[in-house]
Structure formats: C-alpha cells, structure tokens
Amino acid sequence: MTTIVTIKPLYLSREEAAKFLSISTSTFESMVAKGEYPKPRKVSPGRVGWLVEELEAYGRARPHSDLLPAPDSGYCRAGKSPAPEAASASR
C-alpha cells in the first residue's frame, strides 16, 4: 500500500498567487502595486513569494457580493437551468 502525503505550500509565485485568488496575473500585479493585496516576502536573495496564509486571510476578509456571476462563468441563477442552447451545446 502506498501512502500519499500532500503538503500545503508555504509560498506561492506571482502566477500561482494570482491563480489562487482567481484573478489574472496583471490584475494581481496592479493590486499589489496599489497596496491592496498582500506584499511578497523575500524567500531568497533573488526570489520572492506570497504567504499562502496571508492570501487566504485576504480572501476570507473580502466582503460578500450582491453581483451574480458573469453569464459565461459556468454558474446559473439559483433554481434555474442553463438556457436550452447552452445545455445542448455542452452535450
């Protein structure tokens, strides 16, 4: 029997941090530059990374939204099925 151990990363790269927050890398860079997202940490002399726990805390502190997901996001309004053409296109 093989045991698989998964270790949660401590740091994420710029691209990984943006993906973790479900945003583009350019939006992530812009928000970090504005001071709206956590700052990177110095991992080694030539490398920085974002602490996963700081990104999680930031994400959990975000306010709830009254906006519905975008039409092309794959989500539907509560209790409603996708449009018939969308349902048949995915089959």
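Start with F28 and W50: both are buried (buried is under 20% relative accessible area, exposed over 50%, partly exposed in between, with a 1.4 Å probe and protein chains only). Before you go on, note that this is a predicted model, where local features need pLDDT of at least 70 and side-chain atom pairs count only at pLDDT 80 or more, while totals for chains, interfaces and linings use all residues. Residues are numbered from 1 along each chain as its sequence is written, and side-chain values use heavy atoms, with hydrogens and water left out.

**Stop 1: the aromatic rings**

F28 and W50 make an edge-to-face pair, with 5.0 Å between centres and 70 degrees between the planes. F28 sits in helix 2 (residues 25-33) and W50 in strand 3 (residues 47-51), so this pair ties together parts 22 residues apart in sequence. Helices (H or I, at least four residues) and strands (E, at least two) are DSSP runs, numbered from the N terminus. Show F28, Y37, W50 and Y58 together and you have one aromatic cluster.

**Stop 2: S13**

Is S13 buried or exposed? S13 is buried, with a relative accessible area of 15%. Skipping neighbours within four places in sequence, S13 is in contact with R47 and W50 (contact means heavy atoms within 4.5 Å).

**Stop 3: helix 3**

Select residues 52-61, which make up helix 3, and colour V52, L55 and Y58, which are buried. Look down the axis: the buried residues of helix 3 fall within an arc of 125 degrees, so they line one face of the helix. (The arc is that of the directions from the helix axis to the C-beta atoms.) What covers them? The cover includes strand 1, helix 1, helix 2 and strand 3. Turn to the face away from the buried side and you'll find the exposed residues E53, R60 and A61.

**Stop 4: the salt bridges**

There are three salt bridges to click through, each a side-chain nitrogen of Lys or Arg within 4 Å of a carboxyl oxygen of Asp or Glu.

- E56 and K8: the closest N and O atoms are 3.1 Å apart. The pair links distant parts of the chain, with E56 in helix 3 and K8 in the segment before strand 1, 48 residues apart. E56 is partly exposed at 22%, whereas K8 is exposed at 53%.
- R14 and E29: here the closest N and O atoms are 3.4 Å apart. R14 is in helix 1 and E29 in helix 2, so the bridge ties together parts 15 residues apart in sequence.
- R41 and E54: the closest N and O atoms are 2.2 Å apart. R41 belongs to strand 2 (residues 41-44) and E54 to helix 3, so parts 13 residues apart in sequence are tied together. R41 is partly exposed at 37%, and E54 is partly exposed at 22%.

Conventions:
Rings of Phe, Tyr and Trp (its six-membered ring) pair if their centres lie within 6.5 Å; planes under 30 degrees apart count as stacked, over 60 as edge-to-face and the rest as tilted. The arc is that of the directions from the helix axis to the C-beta atoms.
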